[in-house]
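Open the model in your viewer and show the chains as cartoon. The stops below go from whole chains to single residues and back out again.

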Amino acid sequence: MTTPSLNTASLLRAAADNELTAEQNAAFQTHLKANPKAEACVAFERSLRQAVSRSMHVDGAPADLARRVRAALEDSRAAERGLADQSRDVNADLDESELPLVETIAHVTRDRSFWASVGGRLAVAAAVLLVVSGVWYSIAQLSSGPIESWSDVNRMQLASFLSEQHTMCGSDPDYASQKFTVSEISGIEACCQRLIEQSPRLEKLFESGGTLVGIGECGVPGPGKSVHMQVLMPLSKSSENQIATRTTVSLFIQQAMGRDGIDPETCYSLDEGSKTGFVVDVWQRDGLIYYLVCDTEEAASVARSTLKVAAPNQSL
Amino acid sequence: MERATFEKLALEQLDAVYRMAFHLTRNSEMAEDLVQDVFVRALKPSAVARFEDRGDETGAGGIRSWLFTICHNIFYTQAKRESKAPSAVGEFFDQQSTEVLPDDAPPAWDVASFDWEQVDGRLKGYIDDLRPDYREVLMLWGVEGLKYREIAEIVDVPIGTVMSRLHRARKLLADQIIQDKGAVQDLGLSRLALGQPLRNQDGQSSQENSS
């Protein structure tokens, strides 16, 4: 038997794996007729596959792993329910050190887990925020003034910060999982009460098919505390023949505190001309400032509709 | 789909996910940790929503492939992080691999008389020495019986790359067998078939009918 070429070698292995297309199978049959011993090559590969299957066989997960996984899932859910339970007693004198959130997360996060400690990762994330945004100190200096007085540079720096956080949380699951400490809708109100001391108005955001990716504390430049919430929103309805298209939108909610320059219930564009590549809207409602970041105008339109916000007709 | 139902279906794949985790980590403790992380991430509402968007691939096979994908992503994300540390494991990102692409066909041995079970332990050792990306595709191909397309979706590479890794891995295993005198004997492989000089157990040359 002559030594086959590389293409033929791949052909023989793929034949052994039953992965040939009709055209490739025709080529294989032609090769077989000219080289009958190629059948032995195919037979060897098939027997090798069986041998690999046997050698790599693992009896199964350890007996207690299922129990551990279920316990971890329950701990994860309990951590989020714990926030919801906590918010019921709004008059409670909550001491940060007594909140169960950190302890709950520590319980869920095991020392020998693949994940590094929560504290260490938050420190890294904070350092990245300071380096990437570069606007931390400059916007803080302007925090007491109306937004109209902000320069183009400061508005752009804020829009850049928001769009960068939106991107990082959308593309890096590890970063997102560290930031978003709550992933259940039922935990949103408790999270906001704890972090921004108010309940946001989210209108029909989740009733219209939106799925919460997560919500957590965020350092939006400015004096007010803030949270970042990311939502998977449907852009079209699913049907028998078509799966709904979804997009990720980010909603940053910040205590207004001194931001008097925005007319309530009026939506502004923070990034006219889309220099960041994203649609960034801002509006004020009931003492909270909302920043909406979307990948496309279509997504922004859907998000505004569910949040009952008109499209911006002016920029800041 | 109800979350409890989805969780039940996902947990039915626990053994399969553990298998993959074990072959990636080569350590039972790390494998258990990896499995736990996979399920905690997979059963977040947003992850379930993304899975359901896959449409008709939401059966048991679809759930298994999806869990494999998450396992793959978590493992390699951690590996990338560790590769930046001083004690990085360099094999994961060996961009200057000196491996030669297999340019010859599989051996044309008569496998009818092979006793593969006698070389299971050796084969396991050869597999353990392979790069993790080779072990991964071998496990998905050999143990889980997945198609090239399915493997490509899980490890997020083109089908051609899957074929290349599989073929290299199989070639390496075949070469290891040939070079291992003990394996050749255990397998019952005639040296004539290998095209090598005939030698008896004492290493002395001898003659033997080839028919």
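Start with chain A, which has eleven helices and six strands. Keep in mind throughout that this is a predicted model.

**Stop 1: chain A as a whole.** Select chain A and show its surface. The accessible surface comes to about 15,000 Å², and 52% of that area belongs to carbon and sulfur atoms. Of the 316 residues in chain A, 48% are buried. Among contacts in chain A with a separation of 6 or more, 62% are between residues 24 or more positions apart.

**Stop 2: helix H2 of chain A.** Select residues 22-34 of chain A, which form helix H2.

Now show side chains on H2(A). Which residues of H2(A) are buried? They are A:Phe28, A:His31 and A:Leu32. Turn the view to look down the axis of H2(A): the buried residues fall within an arc of 100°, so they line one face of the helix. The spacing follows a general rule: an α-helix has 3.6 residues a turn, so residues three or four places apart point the same way.

**Stop 3: A:Ser250.** Next select residues 246-255 of chain A, which make up strand E3, and pick out A:Ser250 within that strand. Is A:Ser250 buried or exposed? Its relative accessible area is 0%, so A:Ser250 counts as buried.

What does the side chain of A:Ser250 meet? Show the side chain of A:His166 as well: a polar contact of 2.7 Å joins the two side chains. Then display the other residues around A:Ser250. Leaving aside neighbours within four places in sequence, A:Ser250 is in contact with A:His228, A:Met229 and A:Gln230, with A:Tyr291, A:Leu292 and A:Val293, and with A:His166 again.

**Stop 4: chain B.** Hide chain A and select chain B. How many helices and strands does chain B have? There are eleven helices and zero strands, so labelled by DSSP runs. Colour chain B from the N terminus on and follow the elements as α-α-α-α-α-α-α-α-α-α-α.

Of the 211 residues in chain B, 47% are buried. The accessible surface of chain B comes to about 10,200 Å², with 46% belonging to carbon and sulfur atoms. Among contacts in chain B between residues at least 6 apart in sequence, 62% join residues at least 24 apart.

Terms used
Residues numbered from 1 in each chain as written. Chains lettered and ligands numbered in written order. Predicted model: local features only at pLDDT ≥ 70, side-chain atom pairs only at ≥ 80, totals over all residues. Heavy atoms only, no water. Helix = DSSP H or I, 4+ residues; strand = E, 2+ residues; numbered from the N terminus. Expected span 1.5 Å × (residues − 1). Buried < 20%, exposed > 50% of the residue type's maximum accessible area, 1.4 Å probe, protein only. Arc of directions from axis to C-beta. Polar contact = N/O pair within 3.5 Å; in protein donor to acceptor, adjacent residues only side chain to side chain. Contact = heavy atoms within 4.5 Å. Areas by Shrake-Rupley, 256 points an atom, 1.4 Å probe, with all protein chains shown as cover.
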